[in-house]
Amino acid sequence: MSADASDLSLVRRVQRGDKGAFDALVLKYQHKLVKLVMRYVRNPAEAEDIAQEAFIKAYRALPQFRGDSAFYTWLYRIAINTAKNALVSRDRSPIDYDLDRHQGDESYDMQSRMKDSETPEGLVLTDEIRSTVNAAIDALPEDLRTAIVLRELEGLSYEEIAGAMDCPVGTVRSRIFRAREAIDQRLREVFEGGLGRAEEIG
Amino acid sequence: MNEELDSQLSAMFDDELPSAECELLARRLSRDGELKARWGRYAVLGAAIRAERGVRLNAALAGRVSALLITEPALATPTVARASPVRWWQPVAAVSLAAGVAALSILWLRTQSPGAPLSARADRPAPSQGVNTGVRSSSSPYIYTVPQAPAARPVVVPSTELANYVVAHSMFSSQVERHNLLSAFMTSEPGTAAGAEEPESDAKIIAH
């Protein structure tokens, strides 16, 4: 098993003319890319626009991608350059915006987020999704919860999680899958009608 | 949906699926809308767990990118895209080159043959049997040399080693075998050096 094999298999398909494979890459990395761009522009809508532009640039440059580095690393560089160019073209300097500054900051309330051009509906839906996911995680058995948190929050590999939980890698894979399925069951309710206006995510 | 397939999808999302399985699943993922939606929700729940502030989890970014890509041409592999088309002059040049090489080969062969014209052989050294018909001045060498007619067919003289072998073989072979054409020729040839020299020593060697 090689690292980045998943992305590489999708990238190769795109390079052979399969645009649908690029959708999967966008779905996987859209949130990470927006979070990255948010270090340069404060407005979430603007960050999404820049991320969108970065994805289009990446698609056009994909024939030159040879897999020497991980796809996300390559995409990351494109997004940073796109964000910097956007700032220069608007004759602005980057905002020193440290996302970690707001971790656990109670003052980062609804009112301050409204200033970020976020629509009330978007905020409510995002909060709904977060609370749904958190509730689903709380309802998970201990072993499933630990496995999914170590994976998603700590970014550990299956092998590292297996070492931490003292179980085979296959068990880790099964636990993470079952945890995702349980959370996804709740998420689908939100997206498919929980608020009656959930946007398409794919 | 197939639970094994979903399990593979989860592992692929984490980059924990073997490459061969990734290839197969990537193909299905790019075409199966339901599988793709599940893949997208996996990304959403991961972002929700990480509590990424400022990131809208309901964003339709992927849909917008997908819509924009409709107008984009499908990609091709770099090697295919960069392959230069065959120019009209390339086959012509190839044929011309081949014809030139063939013509040079024929010309060279003609200069090497005995009946070649004098002009073609002018640069070759004069044979030793040539007859000098020109007038030699004190300061210039022979200006023209007419070669003699080609000699009769060259005499094929077998090598001494082969001749010795054939003679020795004829001496120790049966009567019938001794009358084969070559042996008869070699042994009946009067004055053949090979037939007269050292038959016994070779015979000893063969006998051993």
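Modeller: Let's begin with a definition: a crossing is left-handed if the near helix is turned anticlockwise from the far one by less than a right angle, and right-handed if clockwise. By that rule, α3(A) passes α4(A) in a right-handed crossing. This is a predicted model, where local features need pLDDT of at least 70 and side-chain atom pairs count only at pLDDT 80 or more, while totals for chains, interfaces and linings use all residues. Residues are numbered from 1 along each chain as its sequence is written, and chains are lettered from A and ligands numbered from 1 in the order in which they are written.

Colleague: What makes α3(A) oblique to α4(A)?

Modeller: The axes of α3 (residues 44-61) and α4 (residues 71-89) of chain A come within 9 Å and cross at roughly 125°. Angles under 35 degrees count as roughly parallel, over 145 as roughly antiparallel, 65 to 115 as roughly perpendicular and the rest as oblique. The angle belongs to the rest, so α3(A) is oblique to α4(A).

Colleague: Which residues make the contact of these two helices?

Modeller: Among them are A:Ile50, A:Ala54 and A:Lys57 of α3(A), and A:Leu75, A:Thr82 and A:Ala86 of α4(A). Contact here requires C-beta atoms, placed from the backbone, within 7 Å.

Colleague: Why is A:Asp166 called exposed?

Modeller: A residue is buried if 20 or more other C-beta atoms lie within 10 Å of its own, exposed if 12 or fewer, and partly exposed in between. A:Asp166 has 7 such neighbours, so it counts as exposed. A:Asp166 sits in the loop between α8 (158-165) and α9 of chain A, and its phi is near 55°, a positive value in a residue other than glycine.

Colleague: And what about B:Asp15: exposed, partly exposed or buried?

Modeller: B:Asp15 has 19 C-beta neighbours inside 10 Å, so it counts as partly exposed. B:Asp15 lies in the loop between α1 (3-13) and α2 (19-31) of chain B, with a positive phi of about 60°. Most residues other than glycine have a negative phi.

Colleague: How confident is the predictor in chain A?

Modeller: pLDDT is the predictor's confidence in each residue, from 0 to 100. For chain A the mean is 83, and 79% of its residues reach 70 or more. Over residues 97-115 of chain A, however, pLDDT is below 50, and it stays under 50 over residues 196-202 of chain A too. Where pLDDT is low, the predicted coordinates should not be read in detail.

Key:
Axes are lines fitted to C-alpha atoms, for helices over the stretch in contact, and angles run from 0 to 180 degrees between N-to-C directions. Helices (H or I, at least four residues) and strands (E, at least two) are DSSP runs, numbered from the N terminus.
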